Amino acid sequence: MTEEQTAVVDAQYTATQNIVRTRGVKRVYEMGKLSLEALKGIDMEVQRGEYISIMGPSGSGKSTLFNMIGALDKPTEGKVYIDEVDVAQLDAYELAWLRCRKIGYIFQTFNLIPVMTALENVTLPMIFAGLATDEAIDKGVDLLSLVGLGERVQHKPLELSGGQQQRVAVARALANDPAIVLADEPTGNLDRKTGREIIELLRELNQEKQVTIISATHDLKMLDVSDRILWVQDGRITKNQRREELDLDLGQIGAEEE
């Protein structure tokens with residue numbers, strides 16, 4: 001092949017490997033006469049099956065970037081591609097389909113419906129996606145068993161501990177076999193031991209199901225399981241490091257926390 005043909009093939013290969021890609025993403029919030037530039041031109045790629053942690057202090061822009069990747073918000077400028085589809089070009093119905101079928105969400109505050117059982121919370125996205133009720137129930141029980149709650153399927157959120165509620169949220173995020181799971185501060189409301197259990201659970205799911213995990217977090221324990229860490233500060237990615245490139249002694253961090 002010529003050099004030009006090789007370049008085209010390489011570009012096509014890269015495109016198939018990237019499940020998320022952003023180009024020049026900016027987000028400006030208008031607050032009266034003031035403008036707040038939360039993101040200042042973000043370029044990034046996430047490959048299928050990666051475990052990515054987006055880290056940065058409060059106000060750095062990591063949650064805004066998380067919302068862009070999750071199609072929960074649209075950029076003021078720039079492009080967000082999921083499976084090489086420009087999210088900004090999707091209509092409301094297509095966005096709803098994307099959020100339901102392609103992406104699973106885990107939030108810091110769990111966001112479970114309190115009047116529903118664990119099983120009902122997990123099966124709700126499946127019902128919205130059109131799965132038959134019996135199939136949804138069987139799959140929901142399997143998912144709750146997968147996250148260690150096989151005996152708690154009929155318990156409501158207030159009958160569960162914080163860690164158990166987050167496990168329900170993890171099971172719900174997997175309800176429609178998403179390609180991507182987005183976790184926004186998934187350990188933020190948990191104690192250290194429970195937080196570590198959730199982190200390890202996410203890593204196991206990433207490895208066993210090859211689900212791409214993207215987490216916005218300030219929890220340093222997340223570094224120990226991440227393939228790559230994107231450091232965000234003042235609306236920009238300041239570092240893009242692979243796990244093996246980190247200088248931190250993570251074992252020491254864990255010992256100091258405990």
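Author: Glu84 is partly exposed, because its relative accessible area is 31% and partly exposed covers what lies between buried, under 20%, and exposed, over 50% (1.4 Å probe, protein chains only). Glu84 sits in the loop between strand 4 and strand 5, and its phi is positive, near 65 degrees, in a residue other than glycine. Helices (H or I, at least four residues) and strands (E, at least two) are DSSP runs, numbered from the N terminus.

Before going on, a word on the source: this is a predicted model, in which local features need pLDDT of at least 70 and side-chain atom pairs count only at pLDDT 80 or more, while totals for chains, interfaces and linings use all residues. Residues are numbered from 1 along each chain as its sequence is written, and side-chain values use heavy atoms, with hydrogens and water left out.

Now to the strands on either side of that loop. Strand 4 (residues 77-82) and strand 5 run antiparallel and are joined by two bridges; two strands pair if DSSP finds at least two bridges between them. Tyr81 has Asp86 in strand 5 as its bridge partner.

These strands belong to an open sheet of four strands, with the order 2-1-4-5 and antiparallel pairing. Strand 2 (34-47) and strand 5 (85-86) stand at the edges, each with a single partner strand, so one side of each has no neighbour in the sheet. Helix 2 (residues 62-69) packs on this sheet, touching strand 1 (18-31), strand 2 and strand 4; contact here means heavy atoms within 4.5 Å. The direction of helix 2 makes about 60 degrees with that of strand 2, where axes are lines fitted to C-alpha atoms, for helices over the stretch in contact, and angles run from 0 to 180 degrees between N-to-C directions.

Moving along the sheet from strand 4, we come to strand 1. Five bridges join strand 1 to strand 4, and the two run antiparallel; Arg23 has Lys79 in strand 4 as its bridge partner. Strand 1 is also joined to strand 2, by eleven bridges, again antiparallel, and Val25 stands opposite Ile42 in strand 2. Strand 1 and strand 2 form a hairpin with two residues between them, and Gly32 in the turn has a positive phi of about 65 degrees.

Asn111 lies in the loop between strand 6 (103-107) and helix 4, and it counts as partly exposed at 43% relative accessibility.

Tyr105 and Phe107 form a stacked aromatic pair, 6.0 Å centre to centre with 5 degrees between the planes. Rings of Phe, Tyr and Trp (its six-membered ring) pair if their centres lie within 6.5 Å, and planes under 30 degrees apart count as stacked, over 60 as edge-to-face and the rest as tilted. Tyr105 counts as buried at 14% relative accessibility, whereas Phe107 is partly exposed at 22%.
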